[in-house]
Amino acid sequence: MASVTLKNVAKRFGHFTALEELNLSIGDGEFLVLLGPSGCGKTTTMRMVAGLEHPSGGEIRIGERLVNDMQPKDRDVAMVFQNYGLYPHMSVEQNIGYPLKVRGIGKVDRAAKVRIAAEKVELGPLLARKPRQLSGGQRQRVALARVIVRTPQVFLMDEPLSNLDAKLRVTMRAEIKHLQHELGVTTIYVTHDQIEAMTLADRVAVMNQGRIQQLGTPEEIYDRPANLFVAGFIGSPPMNLIDGNVSEGRFRAPGVSLSAPDFRGSGVRVLGIRPEDIEVVDPQGAEIAGSIYAVELTGESNLVTVMIGTNRVIARAPRSWRGKIGEKAGLRPESTRLHLFDRETGMRIEPDGVRRVAGK
Ligand SMILES: Nc1ncnc2c1ncn2[C@@H]1O[C@H](COP(=O)(O)OP(=O)(O)OP(=O)(O)O)[C@@H](O)[C@H]1O
């Protein structure tokens, strides 16, 4: 096991810059998730750590070793690909044992190690099958077993759950988390699914357009998004973002006049409120009021969309809440859970008036 360090790493494809000056330190045994929309540079980052892409600049270290010019096979990393990359003509047993075979491990030793790995992912009875005789979830577990059959310094996982149905994804998510915890191997995991990121990660690096927008624990990213991009990307439904103005400790926008003594200074701002931090109340005297646009029962709660001026604001109300489209409603946000951003720079403004720098 080892730390992984990327220092000023850049990647250009011809004239196109996929990554600029990426700096990232992943601790020994840490589970780091790279999260971001399609094309933000997640896979490229991971492929550079694996040695499948060469950086255009900067340094990549695994432990103390500078690996920029090292062959993938010499890096001691194991990678799970999105499409699993199983060999169709090999049995499950041969697929799992392949990384041991190429390292010259003898047959008897190999069989024992394959059995242990297969049992960890509950594939014991399926060792003789070929990949085509397996379900998607079983194939995914073969790919996982092939990675854990030896203990590399680093696991690299590129959207390993994306081909599975929703139910299996949840089961496998827990399985991956459990395995990584048990094995304690430093892991870099790529996904565009924020739930996967939040549930799996020790820390999340939120990326957009080749840059890290914020690096932090799931709690930090959820509680204090560094900028409007992160605010809008994390959360389901995402944070409500309302354009307005702050002056004299009050945020104002059409339909909104919200007293917030912590809102120092004045200027054009974006107010952020998560749906789960809003209570739906009587419109009489409410600081935010409008008419109900939609009500959706999700099972455990009601998502209530209220038209506030030209904004649709979503609140998560209890399951027992009752209201109808077209009725007036007030919204009361939890005053300690308001977020404020500078409209121009998109940066978070802390209650003390300090602008936060992304990624710090
Ligand atoms: N070999 C290549 N040649 C040219 N451009 C490339 C190449 N590989 C990747 N890119 C570009 O680099 C950017 C980052 O790609 P990358 O695959 O890292 O994104 P991603 O965040 O992993 O996206 P996805 O979630 O869709 O896999 C994209 O704009 C992509 O088009």
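Which element gives the largest share of the shell around the ligand? The largest share, three residues, comes from α1. The structure is a predicted model, in which local features need pLDDT of at least 70 and side-chain atom pairs count only at pLDDT 80 or more, whereas totals for chains, interfaces and linings use all residues. Residues are numbered from 1 along each chain as its sequence is written. Helices (H or I, at least four residues) and strands (E, at least two) are DSSP runs, numbered from the N terminus.

The residues around the ligand are Phe13, Phe16, Ala18, Gly36, Ser38, Gly39, Cys40, Gly41, Lys42, Thr43, Thr44 and His192; a residue is near a molecule if its C-beta atom, placed from the backbone, lies within 6 Å of it. Two or more residues of this shell are given by each of β2 (16-26) and α1 (42-50). By class, the shell around the ligand has four nonpolar, seven polar and one charged. Here Ala, Val, Leu, Ile, Met, Phe, Trp, Tyr, Cys and Pro count as nonpolar, Asp, Glu, Lys and Arg as charged, and the others, Gly among them, as polar.

Two strands pair if DSSP finds at least two bridges between them. Strand β6 is joined to strand β7 (residues 154-158) by four bridges, and the two run parallel. Within this pair, Met157 in β7 is the bridge partner of Val80. Val77 and Met79 point one way from β6, while Ala78 and Val80 point the other way, and all are buried (20 or more other C-beta atoms within 10 Å of the residue's own, with C-beta atoms placed from the backbone). Strand β3 (residues 31-35) and strand β9 (residues 203-208) also pair in the parallel sense, over four bridges. Leu35 stands opposite Val206 in β9.

The axes of helix α4 (residues 136-148) and helix α5 (residues 166-183) come within 12 Å and cross at roughly 10°. Therefore α4 is roughly parallel to α5, a term for angles under 35 degrees. Axes are lines fitted to C-alpha atoms, for helices over the stretch in contact, and angles run from 0 to 180 degrees between N-to-C directions. Gly137, Gln140 and Ile148 in α4 meet Leu168, Met172, Leu179 and Leu183 in α5, where contact requires C-beta atoms, placed from the backbone, within 7 Å. The residues of this contact comprise five nonpolar, two polar and no charged.

Methods: Angles under 35 degrees count as roughly parallel, over 145 as roughly antiparallel, 65 to 115 as roughly perpendicular and the rest as oblique. Two residues are in contact if their C-beta atoms, placed from the backbone, lie within 7 Å. A residue is buried if 20 or more other C-beta atoms lie within 10 Å of its own, exposed if 12 or fewer, and partly exposed in between; C-beta atoms are placed from the backbone.
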